[in-house]
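I opened the model and kept notes as I went. Here is what I looked up.

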Amino acid sequence: MRQKEILIIEDEESIRDILSYSLRKEGFEIKEAATGKEGLDLLRDSKPDLILLDLMLPQGEGDTGKAGSYK
C-alpha cells in the first residue's frame, strides 16, 4: 500500500520542520517547499494527497484566489 503524500508549503523553516517531523512519525511521505513557486514545481512532478499551504506567504503566494492556476 502506497504511503499518503503531503506537500507542505511554508516559508518559516521552523514551522515546516515541526510539521514534517510530526507527520513523518505518523507514517506520511512529506514533500516540502519554502515558496509558492517551489510548491508549484513539486506539484508538476507529483500529486500529493494533501497540501498544507501557508496563506500568509510573502508576496501573496498563499492567496487562495490563485488556486485555479495550480491545476
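This is a predicted model: local features need pLDDT of at least 70, side-chain atom pairs count only at pLDDT 80 or more; totals for chains, interfaces and linings use all residues.

**Sheet.** How many bridges join strand 1 to strand 3? I count four, and the two strands run parallel. Strands are DSSP runs of E, at least two residues long, and helices are runs of H or I, at least four, both numbered from the N terminus. I call two strands paired if DSSP finds at least two bridges between them. One bridge I looked up joins I9 to L53 in strand 3.

**Ground rules and confidence.** Residues are numbered from 1 along each chain as its sequence is written, and side-chain values use heavy atoms, with hydrogens and water left out. The pLDDT is the predictor's confidence in each residue, from 0 to 100. The chain has a mean of 86, and 83% of its residues reach 70 or more. I noted a mean of 98 for helix 1 (residues 13-25). For helix 2 (residues 36-45) I noted 91.

**S20.** Next I went to S20, which is in helix 1. Is S20 buried or exposed? S20 is buried, with a relative accessible area of 2%. Here buried means under 20%, exposed over 50%, and partly exposed in between, with a 1.4 Å probe and protein chains only. I then left aside neighbours within four places in sequence and found S20 in contact with I8, I30 and E32. Contact means heavy atoms within 4.5 Å. S20 and I30 are ten residues apart in sequence, and their C-alpha atoms are 6.4 Å apart.

**Salt bridges.** I found five in the structure. The criterion is a side-chain nitrogen of Lys or Arg within 4 Å of a carboxyl oxygen of Asp or Glu.

R2 pairs with D49, the closest N and O atoms being 2.9 Å apart. R2 lies in the segment before strand 1 (5-9) and D49 in the loop between helix 2 and strand 3 (50-53), so the pair ties together parts 47 residues apart in sequence. R2 is exposed at 55%, and D49 is partly exposed at 38%.

R24 meets E32 at 3.6 Å, N to O. R24 is partly exposed at 43%, and E32 is partly exposed at 30%.

R44 meets D41 at 2.8 Å, N to O. The two sit three residues apart in helix 2, so about one helical turn separates them. R44 is exposed at 61%, while D41 is partly exposed at 31%. Last entry: salt bridges with shared partners join R16, R24 and E32 into one network.
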